[in-house]
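Thanks, everyone; I would like to take a few minutes to walk through a single chain with you. Please have a look at the sequence and the model first, and then I will go through confidence, fold and one side-chain pair in turn.

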Amino acid sequence: MKSEHELSVTDSANLDSRERLLGAAAYLTFVPAILFLVIPPVKSRRFVRFHSWQSILFAVSAGIFALALKLVFVVLSILPLIGFLVAWLSLGVGFLAIVALWAVLVAKAAQGRTYELPFIGPLAVRLTELDTLR
């Protein structure tokens, strides 16, 4: 399997600024990502399809992570004395982690790189390849 650097070199040489912009725009919300997978001229571009699938999977996993953080918050806030402080701290750190990862994904797509996240990146690649076969 190619590393992220090898993929970025081959992808960047073949991408125009429109594809990079569409790849980055796929991460704005899941709505553009779904639209990019439906609109025929856009869905034919592998780079945009990959980032659209990864955006959708990232949004789902971020939602699940947010629900888990909410559960942790409830459990920790029950603890006396320092529990409420630790609950707010964990919520803040979790939120910052999601925002930072989202910013990295947008920046990588804008640079023309196909950066695969652990766990959901390989699934996005498989979904991208399934779209190619159809």
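**Confidence, fold and a salt bridge**

Let me begin with the caution: over residues 5–11 the pLDDT stays under 50, and for that stretch the model has 8 contacts beyond four places in sequence. This is a predicted model, and across the chain the pLDDT averages 87, with 87% of the residues scoring at least 70.

Turning to the fold, the chain holds 7 helices and 0 strands, so that is α-α-α-α-α-α-α if you read the elements from the N terminus on. Of the contacts in the chain with a separation of 6 or more, 68% are between residues 24 or more positions apart. Buried residues account for 34% of the 134 residues, while the chain exposes about 8300 Å², of which carbon and sulfur atoms supply 76%.

Now to the side chains: how many salt bridges does a search of the whole structure find? The search finds 1, and the partners are Glu-129 and Arg-46, whose side chains meet at 2.9 Å, N to O. Because Glu-129 lies in helix 7, residues 120–133, and Arg-46 lies in helix 5, residues 46–78, the pair ties together parts that are 83 residues apart in sequence.

And are these two partners buried, exposed or something in between? Glu-129 is partly exposed, with a relative accessible area of 33%, and Arg-46 is also partly exposed, with a relative accessible area of 38%.

Terms used. Residues numbered from 1 in each chain as written. Predicted model: local features only at pLDDT ≥ 70, side-chain atom pairs only at ≥ 80, totals over all residues. Heavy atoms only, no water. Helix = DSSP H or I, 4+ residues; strand = E, 2+ residues; numbered from the N terminus. Buried < 20%, exposed > 50% of the residue type's maximum accessible area, 1.4 Å probe, protein only. Contact = heavy atoms within 4.5 Å. Areas by Shrake-Rupley, 256 points an atom, 1.4 Å probe, with all protein chains shown as cover. pLDDT = per-residue confidence, 0-100. Salt bridge = Lys/Arg side-chain N within 4 Å of Asp/Glu carboxyl O.
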